[in-house]
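Reader: Got the model open. Can you walk me through the fold?

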Amino acid sequence: MKQIRGSRRQHNVPTITDVAAHAGVSPMTVSRVVNGKGSVRPATRASVESAIAALGYAPNAAARALAGGEEIRICLLHTNPSLTYFSDFLVGGLDQASRSNVQLVIEKCEEDGHEAATIERLLQGRIDGIALPPPLSDSPVVLAALEGHGIPVVAVATGRAPDWALSVSIDDRRAAYDMTRHLGALGHKRIGFITGDPKQTASGERLAGYRAALSDLGLAFAPELVGQGLFTYRSGLDAAERLLDLAERPTAIFASNDDMAAAAVAIAHRRGLDVPTDLTVCGFDDTVLATTIWPELTTIRQPVTEMSRTAIELLVREIRMRNANDSSVDHPHVLADYALIRRESDAPPKS
């Protein structure tokens with residue numbers, strides 16, 4: 001399937017949400033009527049059918065697939081600025097799709113104001129479930145566009161998954177706390193921190209973990225030691241430059257992902273600083289980048305590949321339960337384990 005970019009939806013094309021609103025029922029009830037599955041009272045069915053006729057609604061292929069037992073098709077909707085993170089995520093998704101005997105469709109959805117139109121067009125095709133890695137898993141626009149359609153959705157690596165969706169995440173706050181405490185245990189008292197994209201909940205959680213650890217270490221929070229990043233290598237370069245320009249520079253920098261940590265290492269090398277003798281640098285995620293730069297990064301291992309596998313597995317389970325008319329469908333929120341991985345980029349500060 002081709003990538004769908006921001007083409008606006010024609011306002012005269014009704015959706016399942018429009019039908020539900022017109023009939024005064026839920027989108028799931030409309031889906032049951034369209035699919036001919038489940039128990040729907042005759043009066044309710046008549047209202048839905050009347051709304052369909054009045055609006056000229058054409059049921060999309062996704063709804064028909066739920067009724068017909070056709071091959072399950074799951075869409076992985078993405079726009080991640082970190083290619084290493086998305087690569088790890090894609091590996092897990094493709095692997096689990098193969099194990100579950102389902103088709104995985106990869107679609108890009110730019111955060112350009114056209115997200116709702118992109119999703120609307122996507123749902124007119126035969127899609128049975130949607131997986132949202134960050135940052136789309138935190139996008140209010142994307143989540144709002146999906147909520148009314150009654151299609152199974154899994155949000156990955158978000159701290160605010162809606163009750164109506166599945167989710168898979170780690171405890172970002174605790175993970176950042178552990179890394180900051182580790183740096184404090186090495187003897188660092190000037191610990192710089194590079195935040196992630198402020199639109200993503202993980203960014204705020206990791207900053208909160210950093211601040212909590214400083215407090216428990218008896219270290220004052222210094223705003224000048226926090227550099228704004230966006231989870232991109234370029235933003236990591238800029239943030240590291242600002243931190244190392246300080247009159248009293250940090251002896252350690254903890255970046256909110258490996259891309260920005262790698263950028264901090266590059267800036268240190270450019271300035272003639274040895275990592276870790278002159279500057280400790282640590283990252284987050286443990287993507288392939290963590291072991292392809294020199295020195296290899298000490299980092300938090302977020303099991304991105306395994307989280308992606310779990311996300312697809314949860315989606316497939318819910319889709320199949322819905323197909324079987326299983327009323328016990330719930331929306332589990334899975335908390336995955338993380339680990340602090342020590343490599344060559346951290347050391348005690350110079351005396």
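Reader: How many helices and strands are in the chain?
Author: Twelve helices and twelve strands. Helices (H or I, at least four residues) and strands (E, at least two) are DSSP runs, numbered from the N terminus.

Reader: What should I know about the source?
Author: This is a predicted model: local features need pLDDT of at least 70, side-chain atom pairs count only at pLDDT 80 or more, and totals for chains, interfaces and linings use all residues. Residues are numbered from 1 along each chain as its sequence is written, and side-chain values use heavy atoms, with hydrogens and water left out.

Reader: What share of the chain is buried?
Author: Buried residues are 54% of the 351. Buried means under 20% relative accessible area, exposed over 50%, partly exposed in between (1.4 Å probe, protein chains only).

Reader: Now the sheet. What is the strand order?
Author: E2-E1-E3-E4-E5-E11, an open sheet of six strands with parallel pairing. Two strands pair if DSSP finds at least two bridges between them. The edge strands, E2 and E11 (333-335), each pair on one side only.

Reader: How far are neighbouring strands turned against each other?
Author: By 20 degrees on average, direction ignored. Axes are lines fitted to C-alpha atoms, for helices over the stretch in contact, and angles run from 0 to 180 degrees between N-to-C directions.

Reader: Let's take E1. Which strands do its bridges join it to?
Author: Six bridges join E1 to E2 (residues 103-108), and the two run parallel. Arginine 73 has glutamine 103 as its bridge partner in E2. Three bridges join E1 to E3 (residues 129-132), also parallel. There, isoleucine 74 is partnered with glycine 129.

Reader: Why is E1 largely enclosed?
Author: Because six of the six residues in E1 (residues 73-78) are buried. On one side these are Arg73, Cys75 and Leu77; on the other, Ile74, Leu76 and His78.

Reader: Which helix lies across E1, E2 and E3 at about 165 degrees to E1?
Author: H6 (residues 115-123). H12 lies across E1, E2, E3, E4 (153-156), E5 (166-169) and E11, at about 165 degrees to E5.

Reader: Stay on H12. At what angle does H5 pack on H12?
Author: About 40 degrees for H5 (residues 83-100), with the axes 7 Å apart. That makes H5 oblique to H12. Angles under 35 degrees count as roughly parallel, over 145 as roughly antiparallel, 65 to 115 as roughly perpendicular and the rest as oblique.

Reader: Which residues of H5 and H12 meet?
Author: From H5, they include Tyr85, Phe89 and Ser100. From H12, Ile312, Glu313 and Arg320 are among them. Contact means heavy atoms within 4.5 Å. By class, the contact of H5 with H12 has seven nonpolar, six polar and six charged residues. Ala, Val, Leu, Ile, Met, Phe, Trp, Tyr, Cys and Pro count as nonpolar, Asp, Glu, Lys and Arg as charged, and the others, Gly among them, as polar.

Reader: Where is glutamate 313?
Author: In helix H12 (residues 304-323). Glutamate 313 is partly exposed, at a relative accessible area of 45%.

Reader: How many residues separate glutamate 313 and serine 100 in sequence?
Author: 213, yet they are 7.4 Å apart in space, C-alpha to C-alpha.

Reader: New topic. How do H1 and H3 cross?
Author: H1 (residues 16-23) and H3 (residues 42-55) cross at roughly 120 degrees, their axes coming within 9 Å. They are therefore oblique to each other.
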